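I opened my notebook for a friendly walk through this model. Here is what I looked up, in the order I went.

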Amino acid sequence: MNTSPSNPIQLVAAHDVLVIEIHNPPINAGTLGVRQGILDAIEQLSRSTVWRAGVIIGAGSTFIAGSDLKEFGQPLENPQLPAVIAAIEQCAKPVVAAIHGAALGGGFELALGCDARVADVRAVVGLPEVTLGMIPGAGGTQRLPRRVGLAKAIELICAGTRLPARQALDLGLLDQVVDTDLRTAAVEFARTLKGRKRRLADENVPAETAEHIIQAEQAALRAGRNRPPVRAAIKTIKTAITLPLDEALLAERKTFNTLRLGPEAHALRHLFFAERNAMKPAVRASATPRSFQVVAVIGSGTMGTGIAIAALDAGLSVVLIDQEDDALERGRQRVLDHYKKRVAHGRLKTTEAASHEARLLATTDWSRLGPADIVIEAVFEELAVKQAVFRKIDGHAKVGAVLATNTSYLDIDAIAASTTRPQDVLGLHFFSPANVMKLLEVVRGEKTATDAFATGMALGRQLKKMAVPCGNAFGFIGNRLYDAYRRQCEFMLEDGAWPEEVDQALQEFGFAMGPFSVADLSGLDIAWRMRRARATTRDPRERYVDILDLLCEQGRLGRKSGAGYYLHTDDVSSTVTDSAVRGLIESASARRGIVRRTLSAAEIQRRALLAIVNEAAHLLFEGVAERASDIDVVLVHGYGFPRWEGGPVFWARRQPRAELLEDLTSLVQTSGHGARLADISCLLEH
């Protein structure tokens, strides 16, 4: 059988076993053509007098890495996946899934519907539907618990866990894991079944205590912030012991169809594709990247060592440089302690940790910078300090090395001007902790060469970061948006809200933390330093809230000093402002001539979001952001914007346009001199 877009299935006879190959690159998504092709192949297998068993395998680098998410926002065409799985189970001959690469979502549900599963040792399996605002809809909530029990099924499905092959084997979800030829192993395993069916649907759910199941439920609800897909998944999984299988499968499919068409699933699908787009070469990064294997990191503080760990984890060699021996040793030890903890917790093998450590060179000798292909500066966030470091880098880095600054808001061009090779300079804005946070803003300067910029994007991908291209403007994408958001929240303090009211309202919307809690956690002096750096360029007519400045002048720098917007003592942080802070806020309102009033949670949320949307439109219009979807990726991955809202751009597109424009106009008018209403049409176009 020849493959084509309409029939991406190829049948290959392996003597008495029919091998059903899926040819639907790049990830063998479970599209209509794939579903129909597998169904036709199973029918041929059933009718054959020659073939005793079947094997389903993916061509290329993966099994079925998931369903076609583009189908989920519209009516699904038949045959749907449950019908394909039902045909496999009803087939009189056993069918084996041969898994390499990834079997995720519908791909893993298909595999669970087979009579056995043989996997390559490097394969991963999982049901990530809840992370996309849905639940498994083709039997995953029913077949998985028949092997692992209700509690484990709740844990795995609600978290969307991706299991490595050996771990899946230990749980009984795979029957064999091989490091030899997968096709051969799967065909041989199919023969060992000797025509016997082994349907998971016929198995009983292992017995567990009610307490064990309740604990799993509570943990999943906490981790999933009690979101509707998590609650629905738990309810549906539990029907594995309360309903006959046929009824449970119908109930699962009904819930799946309801959720896939809901607002949360739409938002999460938008973000899924936005994340994929962010990882594609940007318009200005289409050049061939320069080759790199050695990364030098200048500065061995928390950020520098985090970047070093990220590079080591990616298989790169790292030269960690600091000017002081004591600081360097603390940084080196921080890296070693990180790997020691990972080994102790079973997350890393001793041999792997040793390999990472062997690729680290910590030194105060700047001449060791020579072999570095990429140099990343991670020192104090002050322009003069960074310029001095870059002048030193310029004297030691080899010709053609990419020189990057890890700045969060400083001018890339001003830093590049301190070198003789501005074409090699770009910004790499890592987020702390750098070895954990996925977001990386890659910032192009005026003179940054296209291949240097492409190298920054390529490094981000190798570090498994969400690399987002940015133009060189104050704060780039993320901090400029956050600055507008925080500024509007400060306006609301003057208008009548207390910090805890703002924080609570925005947490209720879904932010991980409110802006004033974030400020206390990160340190108020960070924003204070940034404000002072811009003080000479600030228009005196601008509406400027000085509450944070006054707090810092009183030594209230946040948690590290025991007080900021809130009091922090003995590892306990208050959630209500004290009289001193309230006094500062009331004085600020009085100086502005504002009669304080109560702000509802809805008003707080909308004003904060509108401020982000207005600034986002400016960023897109100015070319600081290349794609509107990049703005959503940055806010979700770097600033705690709730994933299930899809990001601020997606949120704006869901608002009635006339109402959005009216509210934006009103917001800008009350924001004081210098506030500009953006043309949001560029933002709202899909």
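This is a predicted model: local features need pLDDT of at least 70, side-chain atom pairs count only at pLDDT 80 or more; totals for chains, interfaces and linings use all residues.

Entry: The peptide bond joining Ser-432 and Pro-433 is cis, and I noted an omega of about -5°.

**Entry: another proline, and an asparagine.** I then went to Pro-25 and Pro-26, where the bond from one to the other is cis with omega near 5°. Pro-26 sits in the loop between β2 (17–22) and α1. While on backbone geometry, I checked Asn-226, which is not a glycine and yet has a positive phi of about 60°. I found Asn-226 in the loop between α9 and α10 (228–238).

**Entry: α6 against α9.** At what angle do α6 and α9 pack? I read about 10°, with the axes 8 Å apart. Angles under 35 degrees count as roughly parallel, so I wrote down α6 and α9 as roughly parallel to each other. From α6 (150–159), the residues Leu-150, Ala-151, Ile-154 and Cys-158 meet His-212, Ile-213, Ala-216, Glu-217 and Ala-220 of α9. By class I have 7 nonpolar, 1 polar and 1 charged in this contact.

**Entry: α20 against α25.** Next I turned to helix α20 (residues 499–509) and helix α25 (residues 601–622), whose axes lie 9 Å apart at an angle of about 75°. Since 65 to 115 degrees counts as roughly perpendicular, α20 and α25 are therefore roughly perpendicular to each other. On the α20 side I listed Glu-501, Val-502, Ala-505, Leu-506, Glu-508 and Phe-509; they meet Ala-601, Ile-604, Gln-605, Ala-608 and Leu-609 of α25. The contact of α20 with α25 divides into 8 nonpolar, 1 polar and 2 charged residues.

**Entry: cavities.** How many cavities of 30 Å³ or more does the structure hold? I have 2. The lining of the largest cavity has 8 nonpolar, 2 polar and no charged residues.

The second largest cavity holds about 40 Å³ of space. I listed its lining as Asp-16, Val-17, Arg-52, Ala-53, Pro-94, Ala-190, Arg-191, Lys-194 and Gly-195. Here the classes are 4 nonpolar, 1 polar and 4 charged.

**Entry: salt bridges.** I closed with charge pairs. Side chains of opposite charge can pair when their charged atoms come close. With a cut-off of 4 Å between a side-chain nitrogen of Lys or Arg and a carboxyl oxygen of Asp or Glu, I get 46 salt bridges. One I looked at joins Arg-35 and Glu-71, with the closest N and O atoms 3.0 Å apart. Arg-35 is in helix α1 (residues 32–47) and Glu-71 is in the loop between β3 (53–58) and α2 (81–90), so this pair ties together parts that are 36 residues apart in sequence.

Methods. Residues are numbered from 1 along each chain as its sequence is written. Side-chain values use heavy atoms; hydrogens and water are left out. Axes are lines fitted to C-alpha atoms, for helices over the stretch in contact, and angles run from 0 to 180 degrees between N-to-C directions. Helices (H or I, at least four residues) and strands (E, at least two) are DSSP runs, numbered from the N terminus. Angles under 35 degrees count as roughly parallel, over 145 as roughly antiparallel, 65 to 115 as roughly perpendicular and the rest as oblique. Contact means heavy atoms within 4.5 Å. Ala, Val, Leu, Ile, Met, Phe, Trp, Tyr, Cys and Pro count as nonpolar, Asp, Glu, Lys and Arg as charged, and the others, Gly among them, as polar. On a 1 Å grid over the protein atoms alone, a cavity is a set of points where a 1.4 Å probe fits but cannot get out, and a pocket is an open set with protein on both sides within 12 Å along at least five of seven lines; lining residues have an atom within 4 Å of a point. Grid points are joined across faces, edges and corners, and a volume is the space filled by probe spheres set on the points.
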